[in-house]
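Hi,

Here is the structure I promised to pass on.

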Amino acid sequence: MGKIPPSFRSAIGNPNIRNPSSLFRPQPPSPPSKPLPSTKKKSPKPIPQPNPIFKSPNLEDAKKIFNSIANSSKDPRFPNSLLHSYAKVATSTSDSVKFLHHITKTLPSFSPDRSTFHILLSHSLPNPNSNPNSDSDSALSAIHQTLNAMHAAGVTPDVATADVAVRALCSAGHLDHAVHLIKEFASKHCLPDTYTFNFVVKHLCKARALSTVYAFIDEMREKFGVKPDLVTYTILIDNVCNGKNLREAMRLVSVLHEEGFKPDCFVYNTIMKGYCVLSRGSEAIEVYNKMKEEGVEPDLVTYNTLIFGLSKSGRVVEAKKLLRVMTEKGYLPDEVTYTTLMNGMCRKGEALAALALLGEMKGKGCSPTECTYNTLLHGLCKARLLEKATEFYGVIKEGGLKLDNASYGTFVRALCRDGRVAEAYEVFDYAVESKSLTDVAAYSTLESTLKWLKKAKEQGLAV
């Protein structure tokens, strides 16, 4: 029923139908006779970037350039800056390390520190998109080469070193090596901090089975004493909710309590979102009630998520009640809120009431979006209110708004069913001219509708 907004930030409204047709025309700040202003922000003018000092990965050329400018700055950060510039274009970690040796030999006053080697670590691996055939084993070897150079210089790795190295491996697509390295650091150098640990957990959740993630967490806890924190459990809960495993999500909440953590609003919102996506509004309300029992105060996302779920489940009356609670708490509905409720009302066949809600929405200073208009057009067509749908389409066209696939297809079929084929062709023209749909997609919908209509008439079926 129109596009369901991907965001769960908002909620609803309440309809009292007086004169629905008076609600069609968009209100200020955009005059109805002019296209609605674009909400897209103008992109700022790009800041011109200075020309890179090193344009070639050739090590000998880089040494010559360095020799020519080595004494041009007294800034102690200058050598690191030059190393960073060369490491970005170098084709191997070996060349970057050799270039560092040349710097220290040429400038005896320069002593590499941790930040020096962090530069090498961050540029030690190629981007997997730029070099998809890069050897996985050589990736870990490049990291170790830098760590060995660090050790030779008498610089001790710390938690920041582990973080830079692990992130470099994950960014280059070498997750297994990142897991190996974090264990190596924990046994030989230092324990990873929670940021690094949770970074690896998050990447494992995206790319590995849940059993692998749990095995990593258990091993880090048992061997090295690294325990999961609230962020860790939040990552896990978000992952299982995305996988529609809500039972496991609730089990993790129980584990949270056993570990001495108190689930926050974000955790409960994540679980509620999972239930709402599955149209399980009752379970979402149970989580909401549990949340309040635990003394966790709902926020704007909580109310918007529940209103989305209730509207999606067809429980519009409850969604409206929740809107009142939301407003009493000081949270104001926005365009996503209203559009979500309109979608639920249209699903229930209450298209006129949804249309009336458009007036309330604008009366409260909330500007409808293209999604709002498409949702209502789709709902009016589904309710077989073709005259009002046609009038509403005129508003969309006058405002220069785009049609989405659902509203376009539904409107074209409704017009053809009513024998108004010429008007359907006009809608097709507008969809193409406004770049709402591609020529092929728009014509394919129109053609299939006309074929269906012809077949129905030949068989004497009601349309």
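Below is what turned up, starting with the repeats and ending with the charged pairs.

Before that, a word on the ground rules. This is a predicted model, so I kept local features only at pLDDT of at least 70 and side-chain atom pairs only at pLDDT 80 or more, while totals for chains, interfaces and linings use all residues. Residues are numbered from 1 along each chain as its sequence is written, and side-chain values use heavy atoms, with hydrogens and water left out.

The unreviewed UniProt entry carries the annotation "repeat: PPR" for residues 158-192, 229-263, 264-298, 299-333, 334-368, 369-403 and 404-438. Those positions are in the numbering used here, feature names are shortened, and annotations may be inferred rather than shown by experiment. Residues 158-192 are 77% helix and 0% strand, with end C-alpha atoms 9 Å apart. For residues 229-263 the figures are 74% helix, 0% strand and 11 Å. (Helices are DSSP runs of H or I with at least four residues, strands are runs of E with at least two, and both are numbered from the N terminus.)

Now for helix 18. Its 13 residues reach 18 Å from first C-alpha to last, close to the 18 Å expected at 1.5 Å a residue; the expected span is 1.5 Å times one less than the number of residues. Of those 13 residues, 11 are buried, so helix 18 is largely enclosed by the rest of the structure. (Buried means under 20% relative accessible area, exposed over 50%, partly exposed in between, using a 1.4 Å probe and protein chains only.) The cover includes helix 16 (335-347), helix 17 (351-363), helix 19 (386-398) and helix 20 (405-417).

Thr-372 is buried at 0% relative accessibility. Leaving aside neighbours within four places in sequence, Thr-372 is in contact (heavy atoms within 4.5 Å) with Glu-335, Thr-339, Met-342, Leu-358 and Met-361. A polar atom of the Asn-374 side chain lies 2.9 Å from the backbone nitrogen of Asp-404.

What does the side chain of Asp-334 reach? Asp-334 sits in the loop between helix 15 (316-328) and helix 16, and its side chain reaches the backbone nitrogen of Val-336 at 3.1 Å. The side chains of Asp-334 and Thr-337 are joined by a polar contact of 3.0 Å. (A polar contact is a pair of N or O atoms within 3.5 Å; within protein, one must be able to donate a hydrogen and the other to accept it, and residues adjacent in sequence count only if both atoms are side-chain atoms.)

Last, the charges. A salt bridge is a side-chain nitrogen of Lys or Arg within 4 Å of a carboxyl oxygen of Asp or Glu, and the count comes to 18. Glu-60 and Lys-63 form one at 3.8 Å, N to O; both lie in helix 1 (residues 59-69), 3 residues apart, about one turn of the helix. Another joins Lys-364 and Glu-360 at 3.6 Å. Here Lys-364 is exposed at 57% relative accessibility, whereas Glu-360 is buried at 17%. Glu-387, Asp-418, Arg-420 and Glu-423 are linked in a network of salt bridges.

Cheers
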